[in-house]
Amino acid sequence: MIKALLVTLVLIFALVLEISALTLLWLGSTQDQVLLDFLMQHAAASVLLVGGGWYFMPKKFRHPRWPMLLLLFNVVFFMPVLGGIGIFVAGWIAGYRRRDKILHPFSKLVLPEFVLSLREPEMKFSQGEIKSRLAHASIPTARRLQSLLALQGIPARVSSPLLQGMLGDSADDIRLVAYGLLDSREKKITAQIHRELINLKGAAGKEMQLIADKQLAELYWELVYAGLAQGDLRIHSLNQAMTYADAALQIAERDTGMLFLKGRILHQLKKHEAAHQMLRLAMEYGLPEFRALPYIVEIAFDQGDYAAVQRKLARLSTSQITPMMKNSINFWVPKPEESLPTLSKEYAI
Amino acid sequence: MNFPRAESADIGLLLEGTFPYVSGGVSSWVNQIIRGFPHYKFALVFIGSQPEDYGDIKYALPDNVVHLEVHYLNNKQEMPPVRPRKGDTKVFADVRHMHECFRFPATHKDGLETFRKLIPEMHEGGGAGLDTFLYSEESWAFVKEKYQQHCSDPSFVDYFWTVRSMHTPVWMLAEIARNFIPVRAFHTVSTGYAGLLGALLKERTGCPLILSEHGIYTKERKIDLFQAQWVRDNRNVFQRDPTEISYFRQLWIRFFQALGTRCYDSSDHIVALFEANRLRQVEDGAPAERTCNIPNGVNVPRFAALRALRPASPPPVLCLIGRVVPIKDIKTYIRAMRTIVNRMPQAEGWIAGPEDEDPDYVAECRDLVDGLGLNDNVKFLGFQQMTELLPKVGLGVLSSISEGLPLVILEGFAAGVPAVSTDVGSCRQLIYGLDEADRALGAAGCIVGIADPQALAEAALELLGDEAAWRAASEAGIKRVETYYTQERMFDSYRAIYEEALSWQA
């Protein structure tokens, strides 16, 4: 406080000295002595002004000390009045007006939000609803179209029959999209068949030929399995699959995969006895029973041999079958009479 | 090739991807209309995607075509020079408002009004010029804003370029409209880009606009877009909702819908070929009072002369007349031929139509013929003169997945050839009849579901195998075409529309 008072006094004194010096000059004397007096008084005033002003200077401007003092003195001394005012204004602007900015050179920004998806997709309905929505023509076409598009994510074997049904829909859009989906699936398989046929033509050696034959048999089978071929074309595809499966078996007669496939093809062609034999042969060569048995059961069912169905299903261990198959077993196979729980020896005492 | 040029004409015909570069139903119809009105001078604008997609022109230009200009929307055009600019805030407020309005059917009208306000600004250097769209800060800010508000696809880069490539043709059309020669009325044969050009021309000149839609352009685009492989979808497995199509697909579909409504809004006459399509137009925003149906018609006497050339009993020849393109679903026809040949080994299946439009599809069809062992029975004849072809054919086949009102069925009927067709467009009405009096004429063939080769084969075998049924169908077809689908009826309807449009004075 006292220091500030002293400094203020020094500044007032400096001001008085400066005014007196200027008065000398203003009086208009041309003597050298007067000029000398003015310079001395002005120099003293400048020293005091710089000394007093130094106290009010923001700290960051006080370094390096002596050069800064010299600079200030030069400005005040060589530019009488204006220099002093200039320094005061500059110091005020630099030190006080921009204080905040200078004290915080880095401005704060709000953290950007991490967005995974800009707009959250809304799940509109669960899978079970698709079928019922598709079936009702009263539901707006746009909504049914959404259901139809959802079928793209469902395996062809399940969705193809639904799509086939949609080909006769009253709404043009539904019909055409269903057609487009089926057509693109069919096109994909046909293109693969075409590629494999070329591979087969250029196959060097039995091994390459076997690979191409197996691929072709499976691709033709896929057309049928995925529900993409109907009527005569289905029969045609089955015959083609059979031709290539036979060709593959000519090269590798113990290929269980091909024997299994041939069994299923024969079954679809309604050649039940031959299909049964083929599946048994596949099992003989190492195909696990639990894979072949469901088909053997189906053949027995198609032949009307229900006793065999029951007998064979009972052989399937519940750990190796799908939940859907389990339902069939529950239906066909009588449950063993529920026995009372017996205590083990240790606890029987 | 030198195209005719003129200073002015009577009718400006706006053609997108059709006459004179593509042969097919719509092109034949355009040819028929131009030749049907020889006293009117026509100025044609052809809009295509890119020159590589089209060969030479497929039709001899009628004498009354006095002017033809050809424009390609996907052609690498010269863009305005890149110069940074701010963009006019007021204009962009309108652009913003217009886009907001187009989002909801209830506010569509407002959006169209705003669009109308913007048209005069759509020139280079104008407030809504292409340069402003491509390079201005306002435009960038607007694209960013829309992406943040609505886009459910994570890629901004794809969004940005989709928006750019989608909108650029609009300015090209504005440019075409600005430079077009004076005519007294405009007639567009589809909505889409040609339809928008019609709307822009009407806005500039005030001349009446007539719209004749054979298919429903917006619907066909939509179906294409549902399956198009080129539309990106960058959603990951967590973001993907299987029931929602990708945002860019939605964007394209909405864009074409907006083009459609813009054209419907500007058209003074909206012509459909049959009632189902007219209702669809109304559903898509066409004002019902401006819509009407004018079915296609054929030159009956020209084909009637062919009946005498036919053999006594129906030849076991099926013929599909049409371009070999996916929309005709030629594969279903080929598959049906497998069943037909199984039961009628002497049967032949002809495919008569140009094969240059989609060579991949042609190859797939030929592979299928090969794969089904039908090389001896199925023949690709290429383009054929109908008058030479029809007397040799026993049954016309149409296996298309989408049609309007196919001229080939009518021409077949006129020549006494019944048809089996899929249940698309107006085929049911052509074969079984529309109203009671029409139905009383009898069935001129059979309708089956789409993509059902077995049903197609059964229907064809039934007609070809039963001469009495075949004769009845042939008679019904002849009576139907002579009563309802003559060229004269069609010309009379269009004459009334043209006369009304041309009597308009600014």
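Biologist: At what angle do the axes of helix α9 (residues 172–201) of chain A and helix α8 (residues 217–227) of chain B cross?

Modeller: Those two axes come within 10 Å and cross at roughly 30°. This is a predicted model, where local features need pLDDT of at least 70, side-chain atom pairs count only at pLDDT 80 or more, and totals for chains, interfaces and linings use all residues. Residues are numbered from 1 along each chain as its sequence is written, with chains lettered from A and ligands numbered from 1 in the order in which they are written.

Biologist: How are two packed helices described?

Modeller: By the angle between their axes and the distance between the axes. Axes are lines fitted to C-alpha atoms, for helices over the stretch in contact, with angles from 0 to 180 degrees between N-to-C directions. Helices are DSSP runs (H or I, at least four residues), numbered from the N terminus. Angles under 35 degrees count as roughly parallel, and α9(A) and α8(B) are therefore roughly parallel to each other.

Biologist: Which residues of α9(A) and α8(B) meet?

Modeller: Contact requires C-beta atoms, placed from the backbone, within 7 Å. A:D172, A:D173, A:L176, A:V177, A:G180 and A:S184 meet B:K219, B:K222, B:I223, B:F226 and B:Q227.

Biologist: How many residues of chain A are in contact with chain B?

Modeller: On chain A, 30 residues are in contact with 30 residues of chain B. α9(A) gives the most to the side of chain A that touches chain B, with 10 residues.

Note on methods
Angles under 35 degrees count as roughly parallel, over 145 as roughly antiparallel, 65 to 115 as roughly perpendicular and the rest as oblique. Two residues are in contact if their C-beta atoms, placed from the backbone, lie within 7 Å.
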